[in-house]
Amino acid sequence: MNRPTPRSLLIIGATVAVVVCVPLVYLAIRAFGSGWGPVEQVLTNPNTWQAAGTSVALAVAVAGTTVAIGVPAAWLITKARLRWRRTWVVLVVLPLAVPSFVASFAWLSLFPQLTGFWAAWLVLSLATVPYVILPTAAALRSLDPAHEEVARTLGSGPREAFLRAALPQVSPAVGGGALLVALYVLSDFGAVSIFRVDVLSRVIFSSYRASFDRTSAAVLGIILALLAMLIVALEQRSRGRAQRWRLATSAPRQPPALTLTPGWRAGGYGLLAAVGLLGVGVPIIATIEQFLTGASAGIDWPDLGAAMSTTALYGIVGMVTAVTLALPIGLLAARYPTRAAAILERMSFVGHALPGVVVGLSIVFVGTRLVPDFYQTLPLLAFAYAVLFIPKAGAAIRGSIATVPTVLEDVARTCGYSPWRAFRTVTMRLASPGIAAGAVLVLLTVMKELPATLMLRPTGEDTLATRLWTLTEIGSYAAAAPYAMTLILIGAIPAFLLAFPLARSVSQPESDDGGDELEDERSARRRQLEGVRR
Amino acid sequence: MTTGLDIAGLVVSYGKTPVLKGVDLQVPEGQIAAVLGSSGSGKTTLLRSIAGFIRPKSGHIEIDHRRLVGPGVWLAPERRDVGLVPQEGALFPHLDVAGNVGFGLPKRTRVQRAEAATRVEQLLEFVSLGGKGAVRPHELSGGMQQRVALARALAREPKVVLLDEPFSALDAELRRELRAAVRDLLSQAGTTAILVTHDEDEAVDFADAVHRIADGQILDQQLAQTNG
């Protein structure tokens, strides 16, 4: 039975959820506030639909490519017998370390003739392929090998057993990954701007910068937001499907790795090497090359230092704001999972569906009209970061608090603790490592954020990302290199955090090496545990 | 021996660790045998060797005088004519009950599809799940899932059905009920079956013959003969 939700917590949570939704609502008011005329003008403009069409085409092309590369790569690192398997896992996940605008800068500095749709397609595909590899590999690892074994006893050969019994079960994870890629591409601002592809996010930004009347930017923002929300809804549906298919509660035994023929093995190594080298090797090499060129001409250290300290300051302020605002929502979702809590959580997660350029634009409207004193100040920028990253912080908070049994708090209460003290000294104490890890992820993401920072940063201040963007825009690649390098190092931390659990899991003992006996022991332990639970 | 399952001198090792050390086991056609052993005794390895998921180092396995494993012979699992009922059923979660039961039946032509549908219906009736064909596995209870797994294993009329602790995930009462039901179903189908279990009561209740395994060797044949 659910415990009654404390009223004060509900009020705080509701306030946060409403405040977070204000910019989007205000964007809609701004778009439709001047009557139907301007809206109709934007909607009947062929350029609008061309930009929307290009956005969707780029998202589909990149998502399709990442599935075509990511699924075989995930299969190789989880199922095939490979040398240096952990290294391959880390290598194919590392492209996450390189923000798309940094990768674009790097490719452009090597090949200045790169431009347009296919250049953006190449760089975005390489940057986002880990979004397909990670969930697919995790799904392949969690598959019960008994399904393929049963299929074999029912007359299927190894390939047919994989295609008919295993692949359909992995498909929700593949679909979910592809949708995340599509969302990333739709929201992307850096790569499409650097390669000059007229997709919605770039057109919105140009329209915002070029025109005094920002109604058209608002209408375009609404279109982009709706497209992104559609993708998020599809992604949540595919996640629900994956959840429903889960039958067994016990951890599956791992089957022996498959030995590939020499030809297939060479192809496999080639694919993994290409993903890693093109996704992370080329950007690093290009950045180093440009850095060395720039170093010989002299690096503007004071400028770099100022950008680093601004980045760190914005990161910390953004992290504290996002985590603080996400705390009541995460607590409600974990401890008092009522319908009201679910609604508030969904409202506060609006940033998950909104591209940075849309959040930036909507907060520009809020800032200029409702709180002009705060426009282009750090507090309003911090609020934009909160809108964008509350979902990330909230997920970490909810997950961490949910792992702490409520009975511990109950015991603390029977020891004379007030509800708040029991929560603070028991639940928060135990949940703090998970919340801290989530906070660090938010910090690192804020430090790489580009479009909202470009729109809302205080005049005269630059972060590493905005400085890199302006220097790349004017073709100063060598001068931009130190900023790119620092951003890659910042991005490498969460990429390693994501890669290591998978790398560890793929190198666990397999059943062709005594694993069967291990499984017998595991089964016995499982039964004992079940006995204890009963 | 006459027809049925015949295993002789089966040796299996994991790396340098011997797991089965020359297992001999005969199960006459139509009989249900239990292999009883504790964790690490080698019982699951024996079952997986019969199914074809493990290659033995030496020895032979025959079903109705057809050699599955032996010097120079090794048949892939799909060619062995065995059915498998794993722990917790391992139903395909992306298929409904009918899709699971009919998974191994040929469905290339319209006639084959019609025959498969009829066979699936018969099997579902047989395991008392008539009308449940369109239900998804997650909507079934644990006992029902195991019945579906048994129907799936029987669909291709295998020569031998292998049961890998199929009742272990169920509670005691359901375990007893399902044990009796599955035993009756197997007897009616006249299929040879091997159950591996660590539960002595289960082995004695379920099987016509119980073979105790320890440290990779069958200790005594025909320990109990209480059913039939």
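Two residues are in contact if their C-beta atoms, placed from the backbone, lie within 7 Å. The model shown in these views is predicted.

**View 1. Overall fold of chain B.** Among contacts in chain B with a separation of 6 or more, 68% are between residues 24 or more positions apart. Chain B contains 11 strands and 6 helices. Its C-alpha atoms fill a box of roughly 45 × 40 × 35 Å along the principal axes. The radius of gyration of chain B is 17 Å, which agrees with the value near 17 Å for a compact globule of 228 residues. Of these 228 residues, 47% count as buried.

**View 2. Six-stranded open sheet of chain B.** The strand order is E7-E8-E9-E3-E10-E11, with mixed pairing. Strands E7 (82-85) and E11 (217-220) of chain B stand at the edges with a single partner strand each, so one side of each has no neighbour in the sheet. On average, neighbouring strands are turned by 25 degrees against each other, direction ignored.

View 3. E7(B) and strand E8 (residues 160-164) of chain B run parallel and are joined by 4 bridges. B:Val82 has B:Val160 in E8(B) as its bridge partner. Helix H1 (residues 43-51) of chain B packs on the sheet, touching E3, E7, E8, E9 and E10 of chain B. The direction of H1 makes about 150 degrees with that of E8(B).

**View 4. Largest nonpolar core.** This core has 234 residues, and those touching the most other members are A:Val93, A:Ala322, A:Leu361, A:Leu468 and B:Ile194. Helix H8 (residues 158-187) of chain A supplies the largest share, 16 residues. Beyond its neighbours within four places in sequence, A:Leu468 contacts residues including A:Phe101, A:Phe105, A:Tyr483 and A:Leu487.

Note on methods: Residues numbered from 1 in each chain as written. Chains lettered and ligands numbered in written order. Predicted model: local features only at pLDDT ≥ 70, side-chain atom pairs only at ≥ 80, totals over all residues. Helix = DSSP H or I, 4+ residues; strand = E, 2+ residues; numbered from the N terminus. Rg over C-alpha atoms; globule rule 2.2 N^0.38 Å. Buried ≥ 20, exposed ≤ 12 C-beta atoms within 10 Å, placed from the backbone. Core = buried A, V, L, I, M, F, W, Y, C linked by C-beta atoms within 7 Å. Pairing = 2+ DSSP bridges. Axes fitted to C-alpha atoms, helices over the stretch in contact; angles between N-to-C directions.
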